[in-house]
Amino acid sequence: MLKKILVGMVILGNILFAQVNDNLNLFKEQDKTLINEKIEKFQDTTGIKVYVNTLIPDEGFEIENPEKAIILNFRQKENNIINVEVKFTQDLNMEEKDEEMNVLLNNLEEFINKKDYGDYTVEFLEGTQELLSENITLKEQEAHEKENNFFKYGIIGIIVFIILTILIIISKIKRRKK
């Protein structure tokens, strides 16, 4: 009985917290599990939400708060052809990484040709995480440099203050002796 409850809770948890909305059944169950794990790791590492959807031709997908999010839509077109749409929210500033992203998407095209949507999604997440991690690392380095500059200028300011104080004291002592 306890096993049934646990299995039911795991299945319910996967349904409620699933990151993959597979309306077209393009993904195998093992692909969904792997993709959900990758999404979770991606979100933990970058702080960016990821949505993966499979959509029929007239279906759409929107998020409530379009901030720090990536949307990967597999849209069914005529003759059961699947097109992939990748959308980034504006706050991610992906224009800077446009060339690298195009290279990644071109490299992933072979998976679409093979109709291997699970591997496409996993490789997309890994490649995008790598691109964004480089961006995050650069921002962290810039912040660290600013802290170092602040510390450096703070020390220089203190030294200048001490030197000026010593000079003032010396000049007062010289005036008293006269």
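## A salt bridge between lysine 32 and aspartate 22

Lysine 32 forms a salt bridge with aspartate 22, and the closest N and O atoms of the two side chains are 3.8 Å apart. Because lysine 32 lies in helix α2 and aspartate 22 in strand β1, the pair ties together parts that are 10 residues apart in sequence. The coordinates behind these values come from a predicted model, and the distances and areas given below should be read with that in mind.

Both partners of this pair are covered: lysine 32 counts as buried at 19% relative accessibility, a value that falls under the 20% limit for burial, and aspartate 22 counts as buried at 10%.

## The surroundings of aspartate 22

Aspartate 22 lies in strand β1, which spans residues 20–22, and in the sheet aspartate 22 stands opposite threonine 54 of β2. The side chains of aspartate 22 and threonine 54 are moreover joined by a polar contact of 3.0 Å. When neighbours within four places in sequence are left aside, the residues in contact with aspartate 22 are Phe27, Lys32 and Thr54, so that this list holds the salt-bridge partner lysine 32 as well as the partner in the polar contact, threonine 54.

Which strands make up the open sheet, and in what order? The sheet has four strands in the order β1-β2-β3-β4, with mixed pairing. Its edge strands are β1 and β4, each of which pairs on one side only. On average, and with direction ignored, neighbouring strands of this sheet are turned by 10° against each other. Strands of a sheet pair through backbone hydrogen bonds, in either the parallel or the antiparallel sense.

Strands β1 and β2 run parallel and are joined by three bridges. Strand β2, which covers residues 49–55, is mostly covered, with five of its seven residues buried. On to strand β3 (residues 69–76), β2 pairs in the parallel sense over seven bridges, and within this pairing isoleucine 70 in β3 is the bridge partner of valine 50. Helix α2 lies across β1, β2 and β3, and runs at about 150° to β2.

## Further salt bridges

How many salt bridges are counted in the model? The count comes to five, and among them is the pair of arginine 75 and glutamate 85, whose closest N and O atoms are 2.9 Å apart. Arginine 75 lies in strand β3 and glutamate 85 in strand β4 (residues 82–88), so this pair ties together parts that are 10 residues apart in sequence. Arginine 75 counts as buried at 9% relative accessibility, whereas glutamate 85 is partly exposed, with a relative accessible area of 22%, a value that is not under the 20% limit for burial.

Another of the salt bridges links glutamate 110 with lysine 114, the closest N and O atoms being 3.9 Å apart. Here glutamate 110 is partly exposed, with a relative accessible area of 41%, while lysine 114 counts as exposed at 58%. In general, side chains of opposite charge can pair when their charged atoms come close.

## Threonine 128 in helix α4

Is threonine 128 buried or exposed? Threonine 128, whose place is in helix α4 (residues 117–177), is buried, with a relative accessible area of 0%. Apart from neighbours within four places in sequence, threonine 128 is in contact with Phe42, Ile70, Phe88, Met101 and Leu104. One of these residues, isoleucine 70, is also the bridge partner of valine 50. The C-alpha atoms of threonine 128 and lysine 97, which are 31 residues apart along the chain, are separated by 9.8 Å.

Conventions:
Residues are numbered from 1 along each chain as its sequence is written. This is a predicted model: local features need pLDDT of at least 70, side-chain atom pairs count only at pLDDT 80 or more; totals for chains, interfaces and linings use all residues. Side-chain values use heavy atoms; hydrogens and water are left out. Helices (H or I, at least four residues) and strands (E, at least two) are DSSP runs, numbered from the N terminus. A polar contact is a pair of N or O atoms within 3.5 Å; within protein, one must be able to donate a hydrogen and the other to accept it, and residues adjacent in sequence count only if both atoms are side-chain atoms. Contact means heavy atoms within 4.5 Å. Buried means under 20% relative accessible area, exposed over 50%, partly exposed in between (1.4 Å probe, protein chains only). Two strands pair if DSSP finds at least two bridges between them. A salt bridge is a side-chain nitrogen of Lys or Arg within 4 Å of a carboxyl oxygen of Asp or Glu. Axes are lines fitted to C-alpha atoms, for helices over the stretch in contact, and angles run from 0 to 180 degrees between N-to-C directions.
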